[in-house]
Structures are given as structure tokens and as C-alpha cells.
Amino acid sequence: MLQNMISTWWIMTSAYFSAPAALLAGQVGVQTVLPVAGMVLLVLGIIVAVLRKEARAKWLGVTAIAAAISPLVVSYVFDMMGWFGVLFFLILGGIGVLGWVGVISSDARHRLPVWLIGFGLVSYVLFCGLFSVAAIWGLG
């Protein structure tokens with residue numbers, strides 16, 4: 001089961017990072033636009049956070065770890081609860097990450113970089129959930 005979860009993580013992560021190349025090749029869809037938008041927001045957020053010296057942005061590291069393990073959670077939830085559990089995780093995971101970003105940004109001097117980084121991380125969580133639902137239902 002652990003090997004299946006790790007292979008699922010690798011498949012989802014490689015699909016996420018190959019989305020810019022697919023978008024440049026002309027494949028326009030949710031599975032290509034969402035990761036590209038997330039990566040752009042993440043990079044812009046990091047640049048703005050460094051330029052504005054936003055100290056609270058470092059707390060998003062915990063959120064980044066949570067987002068990074070989301071494919072493992074999606075795989076486990078699918079094994080335990082099926083596609084309904086994956087949809088539940090998709091909604092709850094996205095709201096949870098946004099809530100945590102909101103808590104971090106409430107104390108930040110400059111909220112823009114925190115929100116940009118947060119939206120970049122949320123895009124990965126949502127992509128993993130959507131990727132799983134599409135694979136389960138045979139949509140892509």
C-alpha cells in the first residue's frame with residue numbers, strides 16, 4: 001500500500017510540473033491552467049516576500065509540507081472512502097489550506113506575498129484532488 005501511495009505521489013507531482021510544457025504545446029484545460037497559475041503565483045509571492053522582507057512568509061513552510069503530502073493523503077482517502085472521500089478531501093483540504101494562509105496573513109506586515117504563496121500552494125492541493133477525480137472517473 002505504501003508503494004502505491006508513493007507512486008501516486010510521483011505521478012501527481014510530475015503531472016503538476018509538466019503542465020507548463022503541456023500548456024505551451026497547446027493543451028488548454030483545467031489540468032494545465034491550474035498548475036501554471038499556481039506556479040506563477042508561488043514564484044511571484046516568493047519574489048515579493050523577499051523584496052518586502054516579509055518575515056511571516058516563512059510560516060508557509062508548514063503549509064508547503066502539508067500541500068506536498070496531499071497526494072499521499074488523496075491516495076489513502078481513496079483507499080478508505082472511494083471517490084466521495086477524494087471529493088471531500090478536495091473541498092476540505094482547499095478550505096483548510098486557505099484558512100491557514102488567512103491565519104498567517106492576519107499578522108503579516110504585507111499580506112500580498114503571503115496570499116500569493118498561499119494560492120500557489122492551494123493550486124497544488126486542488127490539482128491533486130482534481131487529478132484523482134479525473135483518473136477515477138476516466139476523464140483525463
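Q: With helices being DSSP runs (H or I, at least four residues) numbered from the N terminus, where is the place of Met80?

A: The place of Met80 is in helix α5. Please keep in mind that this is a predicted model, in which local features need pLDDT of at least 70, side-chain atom pairs count only at pLDDT 80 or more, and totals for chains, interfaces and linings use all residues. Residues are numbered from 1 along each chain as its sequence is written, and side-chain values use heavy atoms, with hydrogens and water left out.

Q: And why does Met80 count as partly exposed?

A: Because its relative accessibility is 49%, which falls between buried (under 20% relative accessible area) and exposed (over 50%), with a 1.4 Å probe and protein chains only.

Q: What about Gly99, which helix is that in?

A: Gly99 lies in helix α6, and it counts as partly exposed because its relative accessibility is 36%.

Q: How far apart are Gly99 and Gly118?

A: They are 19 residues apart in sequence, while in space their C-alpha atoms are 9.7 Å apart.

Q: Switching topic, how many residues has the largest nonpolar core?

A: It has 24 residues, and Leu60, Val114 and Ile117 have the most contacts inside it; such a core is a set of buried Ala, Val, Leu, Ile, Met, Phe, Trp, Tyr and Cys residues joined through side-chain atoms within 4.5 Å.

Q: Which elements give two or more residues to this core?

A: Those are α1 (2-17), α3 (30-52), α4 (60-68), α6 and α7 (111-137), and α7 gives the most, with 9 residues.

Q: So what is Ile117 in contact with?

A: Setting aside its neighbours within four places in sequence, Ile117 is in contact (heavy atoms within 4.5 Å) with Leu41, Leu42, Gly45, Ile46, Ala49, Ala57 and Leu60.
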